[in-house]
Amino acid sequence: MTSSSSQRTRIKICGLTREEDVDAAVAAGADAVGFVLYASSPRYVSAERAAELASRLPPFVTPVFLFVNASATEIIAACARVPTAFLQFHGDETPETCLQAGRPFMRAARIPLEIPVSGSAPFDLVKYTQDFKAAQAILLDAHVEGYGGGGKAFNWSLLPPSVNAHLVLSGGLTPANVTDGILQVRPRCKTLAVDVSSGVEISKGIKSAEKINQFVAAVRAADGLLAKNHVHLPAT
């Protein structure tokens, strides 16, 4: 079965901390909203606060809980508050760790910002997707100090030409560059979603409804270009 070139790119708005930002993401047409349950993040919210915010979501908008090297106890306790939560692992979690909560999850892959120097091993995304084959998707983020992409975009053209996985493009996306990112990356994988945080912010953890709307419009523009040009996508 072949993917349709008119397939809609799904959108996640991450790092939400306020009710009005949750509402803005939903109104703009986001498919998922992310809550960062990592205390070192400037966008951190507690599991209790994440549950409060998630309670505002209508049907078919998915809450996503982002963890970084959390214990199984912490993850299971957070999930108990929101039975519909999808999990995102952004630290050094093993495939076994990701499965402990018994929830659907995606695993972040940290993509180098630069071409590897001679003699060093490049990041092997194909192998990574095989290692985490139980993940519903692999999220692509820039490899910077700490965890998370730091609002930086990696070089999309360095990705393998064919990855047999559902991918989520992240890292430095903005309304200005997301169209190009989708056009470059979507032909390389089964399906593509996008994940934005800093690119739609006024300040860390504070979103702009205007920027969210601009981002969604840019994603839809990419979908329209792919459909218009009848881009042939790989078989699923």
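**Note on the predicted model**

1. Cys-14 counts as buried at 7% relative accessibility, where buried means under 20% relative accessible area, exposed means over 50%, and partly exposed lies in between, with a 1.4 Å probe and protein chains only. Cys-79 is likewise buried, with a relative accessible area of 4%. If a disulfide is taken to be a pair of cysteine sulfur atoms within 2.5 Å, the count comes to zero disulfides.

2. A word on the basis of these remarks: this is a predicted model, in which local features need pLDDT of at least 70 and side-chain atom pairs count only at pLDDT 80 or more, while totals for chains, interfaces and linings use all residues. Residues are numbered from 1 along each chain as its sequence is written, and side-chain values use heavy atoms, with hydrogens and water left out.

3. Helices (H or I, at least four residues) and strands (E, at least two) are DSSP runs, numbered from the N terminus, and two strands pair if DSSP finds at least two bridges between them. Strand β1 (residues 10-13) runs parallel to β8, to which four bridges join it, and Ile-11 has Val-194 as its bridge partner in β8. On β1 there is also a parallel pairing with strand β2 (residues 32-36), over two bridges, where Ile-13 stands opposite Val-33.

4. The unit made by β1, helix α1 (residues 19-28) and β2 is a right-handed β-α-β unit; right-handed here says that, with the strands pointing away from the viewer, the path from the first strand over the helix to the second runs clockwise.

5. How many of the seven residues of strand β7 are buried? Five of them are, so this strand, residues 163-169, is largely enclosed by the rest of the structure. It pairs in the parallel sense with strand β6 (residues 137-142) over three bridges, with Leu-140 opposite Leu-169 of β7. A parallel pairing over five bridges also links β7 to strand β8 (residues 189-196), and there Leu-167 has Leu-192 as its bridge partner. From β7 the chain crosses to β8 through helix α6 (residues 178-185), in a β-α-β crossover that is right-handed.

6. Within α6, the buried residues are Val-178, Thr-179, Gly-181, Ile-182 and Val-185. Viewed down the helix axis, the buried residues of α6 fall within an arc of 165°, so they line one face of the helix; the arc is that of the directions from the helix axis to the C-beta atoms. These buried residues pack against β7, β8 and α7, contact being heavy atoms within 4.5 Å.

7. A nonpolar core is a set of buried Ala, Val, Leu, Ile, Met, Phe, Trp, Tyr and Cys residues joined through side-chain atoms within 4.5 Å. The largest such core has 61 residues, and those with the most contacts inside it are Phe-35 and Phe-65. Helix α7 (residues 209-228) supplies the largest share of this core, seven residues. Not counting residues up to four places away in sequence, Phe-65 touches residues including Phe-35, Leu-37, Cys-79 and Phe-86. A second, separate core of nine residues includes Ala-137, Leu-139, Val-168 and Ala-193.

8. Two loop residues other than glycine deserve a look. Phe-60, in the loop between α2 (47-54) and β3 (62-67), has a positive phi near 75° and is exposed, with a relative accessible area of 80%. Asn-69, in the loop between β3 and α3 (72-81), has a positive phi near 55° and counts as partly exposed at 40% relative accessibility.
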